[in-house]
Amino acid sequence: MIRSVFAVLCFLLLHIGAQAFQILPGVSLSHQEITEQAILKVTVQACRSLAQTEGTSFNDPAQPFTAEGVAAACGASQSSKAFRQAITSIKLRNIRVDIRYALTSSYHFDKEEFVQGRRIITEGMVAVKANNRMGNYETAREKLGEIMHPLQDFYSHSNWVELGNTLPNSNLIKAETSIGNIADESRATCRSCIDDDCTNNILEDIITGQILTSGYTGHEPFVSTKPPVAIPNKSDAKFHCSPK
């Protein structure tokens with residue numbers, strides 16, 4: 001069954017979006033952890049759906065999910081090693097984005113480049129599906145890992161959560177749709193952080209107006225086009241700030 005599962009896995013991962021992983025208060029997960037959890041969770045969902053379609057039984061693997069447990073539940077214990085290698089391939093291509101595209105804002109939804117970031121995701125989805133249809137599974141996995149990085153960064157680099165949203169932004173995987181009310185690149189959106197404390201640093205008018213922003217980027221404190229917002233009597237305030 002594991003071979004059949006991959007035919008729908010790429011599709012499900014992007015369409016489930018942020019629902020494929022949980023963002024827990026006070027807990028910071030790495031791209032690798034988020035990616036692996038998403039793959040395991042969606043593979044279980046895909047195997048369950050296929051079993052229902054085929055009229056066979058399916059027993060959920062024990063949690064926390066592992067590659068071996070999920071492969072066994074999908075009736076493919078003999079493929080657990082290959083499944084683990086596939087997960088690793090996707091994870092490595094994901095974290096490669098932070099190396100190859102470290103200063104490319106669109107790959108991280110920085111500098112208000114929401115439209116450009118969404119284009120990377122949607123065009124990547126087309127490539128994933130095309131390679132999947134042609135049986136180029138390794139290429140599909142690599143592209144999937146690459147576009148999962150900006151998809152994850154949208155939620156950690158923007159104020160989507162601070163605006164009160166509890167569900168994923170489904171328009172991130174739909175071309176030519178509205179992602180939200182995006183802040184102008186030159187608009188001030190947040191106060192500078194005090195040391196590492198960025199509590200309530202997003203400006204009130206941004207929250208009230210439901211303005212989507214990715215704020216200042218930490219590696220660009222001297223070239224950011226965002227105007228600084230002064231904090232009286234706080235000489236140790238950092239120039240840059242970000243929603244998260």
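Glu142 is partly exposed, with 25% relative accessible area. Buried here means under 20% relative accessible area, exposed means over 50%, and partly exposed is what falls in between (1.4 Å probe, protein chains only). This is a predicted model, where local features need pLDDT of at least 70, side-chain atom pairs count only at pLDDT 80 or more, and totals for chains, interfaces and linings use all residues. Residues are numbered from 1 along each chain as its sequence is written, and side-chain values use heavy atoms, with hydrogens and water left out.

**Salt bridges**

Let's stay with Glu142 for a moment. Its salt-bridge partner is Arg93, with the closest N and O atoms 3.3 Å apart. Arg93 sits in helix 4 and Glu142 in helix 6 (residues 137–157), so this pair ties together parts 49 residues apart in sequence. Helices (H or I, at least four residues) and strands (E, at least two) are DSSP runs, numbered from the N terminus. A salt bridge is counted when a side-chain nitrogen of Lys or Arg is within 4 Å of a carboxyl oxygen of Asp or Glu.

The structure has eight salt bridges. Here are three of them:

| Pair | Closest N to O |
|---|---|
| Arg93 and Glu142 | 3.3 Å |
| Glu204 and Arg191 | 2.6 Å |

Now for the other two pairs. Glu36 belongs to helix 2 (residues 31–54) and Lys91 to helix 4 (residues 80–100), so the link bridges parts 55 residues apart in sequence. Both ends are tucked away: Glu36 is buried at 16% relative accessible area, and Lys91 is buried at 18%. Arg84 joins in too, as Glu36, Arg84 and Lys91 are linked in a network of salt bridges.

Glu204 pairs with Arg191 in a salt bridge. Glu204 is in helix 7 (residues 204–208), while Arg191 is in the loop between strand 1 (181–182) and helix 7, so the parts they tie together are 13 residues apart in sequence. Arg191 is partly exposed, at 24% relative accessible area.

**Helix 4**

What does helix 4 pack against? Its buried residues pack against helix 2, helix 3 (67–73) and helix 6. Among those buried residues are Phe83, Ile87, Ile90, Lys91, Arg93 and Val97. As a general point, an α-helix has 3.6 residues a turn, so residues three or four places apart point the same way. The length of helix 4 works out as well: its 21 residues should span 30 Å at 1.5 Å a residue, and its end C-alpha atoms are 30 Å apart. That expected span is 1.5 Å times one less than the number of residues.

**Aromatic rings**

A search of the whole structure turns up six aromatic pairs. One of them is Phe109 with Phe154, edge-to-face, at 5.3 Å centre to centre and 75° between the planes. Phe109 is in the loop between helix 4 and helix 5 and Phe154 in helix 6, so the pair connects parts 45 residues apart in sequence. Rings of Phe, Tyr and Trp (its six-membered ring) pair if their centres lie within 6.5 Å; planes under 30 degrees apart count as stacked, over 60 as edge-to-face and the rest as tilted.

Phe109 is buried at 0% relative accessibility, and Phe154 is buried at 0%. Phe154 and Tyr155 have ring centres 4.9 Å apart and planes at 90°, so they are edge-to-face. Tyr155 is buried, at 4% relative accessible area. Ring pairs join Phe109, Phe114, Phe154, Tyr155 and Trp160 into a cluster.

Methods:
Contact = heavy atoms within 4.5 Å.
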